[in-house]
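Hello,

Here is the structure I said I would pass on. My notes on it follow below.

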Amino acid sequence: MKLLALDCSTEACSVALLDDGGDIIRVTEKTEPAPRQHTQRLLPLVDQLLVDTGTSLQQLDAIAFGRGPGSFTGLRICLGAVQGLAFGADLPVVPISTLAALAQTAVNAGHGGSTIVSTLDARMDEIYWAVYNSTGQGIELIDQERLTAPEQLLEGHSVDRANTTAVGSGHHYHDRITPTGVFKAWYAEMLPSAKAIAQLARLDYQQGKTCTADEALPTYLRDEVAWQKQPL
């Protein structure tokens, strides 16, 4: 199985190729800080990754992408690239939550506890967040992804705070999150990675959780943002 993964949900531009040979799973990733440069950097990064790994689009089984939540502009740029690549090569698409990818990135970095709280600064005095259990098989979403005021972080959840790790840019509002010291650690600079998206997409692909290029949509979590699908 070969999966290409793309993510532009934050200020970084990240692409990865997962090659599952059965006995060994290899993931090659390229990431660049690219604030407001996703349009210029995303496809060149994809091209370079495919060249470096000796892979063609025709050899891929699917394309995965960070579906959001995150930067509205970044999500649209990423989805447009994914739709173009997938449509041209007749490949299925695997949408992956960027909050889930953030939690998986924490696990990959060795920072996962039994509970992981993924957070992203949503601007407008709000945060995107979700709670995950870290298991030997990966991560598991508890309840649902949410968009709330910082003061409502973990509302409705009862977690073992001494064994809970937080990750992501929601830390920007840490002074509004009570009680102080709610987590054993908060890795504020961590971003969702294309490697994590590829790892999660591998499992979804095996379970048939795919869609066609024109069915792929971003997840904003903000009701007032309307997405209009563009013709391919």
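The model is a predicted one. With a relative accessibility of 55%, H172 counts as exposed. Between H172 and Q104 there are 68 residues in sequence, and the C-alpha to C-alpha distance is 21 Å.

In general, strands of a sheet pair through backbone hydrogen bonds, in parallel or antiparallel fashion. Here β1 (residues 2-7) and β2 (residues 12-20) run antiparallel and are joined by six bridges. Within that pairing, A5 is opposite A16 in β2.

**Helix α4 in detail**

The 13 residues of α4 span 18 Å from the first C-alpha to the last, close to the 18 Å expected at 1.5 Å a residue. Which residues of α4 are buried? They are A194, A196, I197, A198, L200, A201, R202 and D204. As background, an α-helix has 3.6 residues a turn, so residues three or four places apart point the same way. Just after α4 comes G208, which takes a positive phi of about 75 degrees.

**Aromatic pairs**

Two aromatic pairs turn up in a search of the whole structure. One is F72 with Y220: the ring centres are 5.0 Å apart and the planes stand at 85 degrees, so this pair is edge-to-face. F72 belongs to helix α2 (residues 72-89) and Y220 to the segment after α4, so the pair ties together parts that lie 148 residues apart in sequence. Buried or exposed, or in between: where do these two residues fall? F72 counts as partly exposed, at 23% relative accessibility. Y220 is buried, its relative accessible area being 6%.

The other pair is F183 with W186, also edge-to-face, at 5.3 Å centre to centre and 80 degrees between the planes. F183 is buried, with a relative accessible area of 11%.

**T148 and its contacts**

T148 is placed in strand β8 (residues 138-148). T148 has a relative accessible area of 5%, which is under the 20% cut-off, so it counts as buried. What does T148 touch, leaving aside residues up to four places away in sequence? Its contacts are E126, I127, W129 and L153. With W129, the side chain of T148 makes a polar contact of 2.8 Å.

**Backbone details to check**

The peptide bond joining G68 and P69 is cis, with omega about 5 degrees. P69 is in the loop between β4 and α2.

Positive phi values also occur in residues other than glycine, including R123 and D143. For R123, phi is about 65 degrees. R123 lies in the loop between β6 (115-121) and β7 (127-135), and at 58% relative accessibility it counts as exposed. For D143, phi is near 70 degrees. D143 is found in strand β8, the strand that also holds T148.

Regards

Key:
Residues numbered from 1 in each chain as written. Heavy atoms only, no water. Pairing = 2+ DSSP bridges. Helix = DSSP H or I, 4+ residues; strand = E, 2+ residues; numbered from the N terminus. Buried < 20%, exposed > 50% of the residue type's maximum accessible area, 1.4 Å probe, protein only. Phe/Tyr/Trp six-rings, centres within 6.5 Å; stacked < 30°, edge-to-face > 60°. Polar contact = N/O pair within 3.5 Å; in protein donor to acceptor, adjacent residues only side chain to side chain. Contact = heavy atoms within 4.5 Å. Expected span 1.5 Å × (residues − 1).
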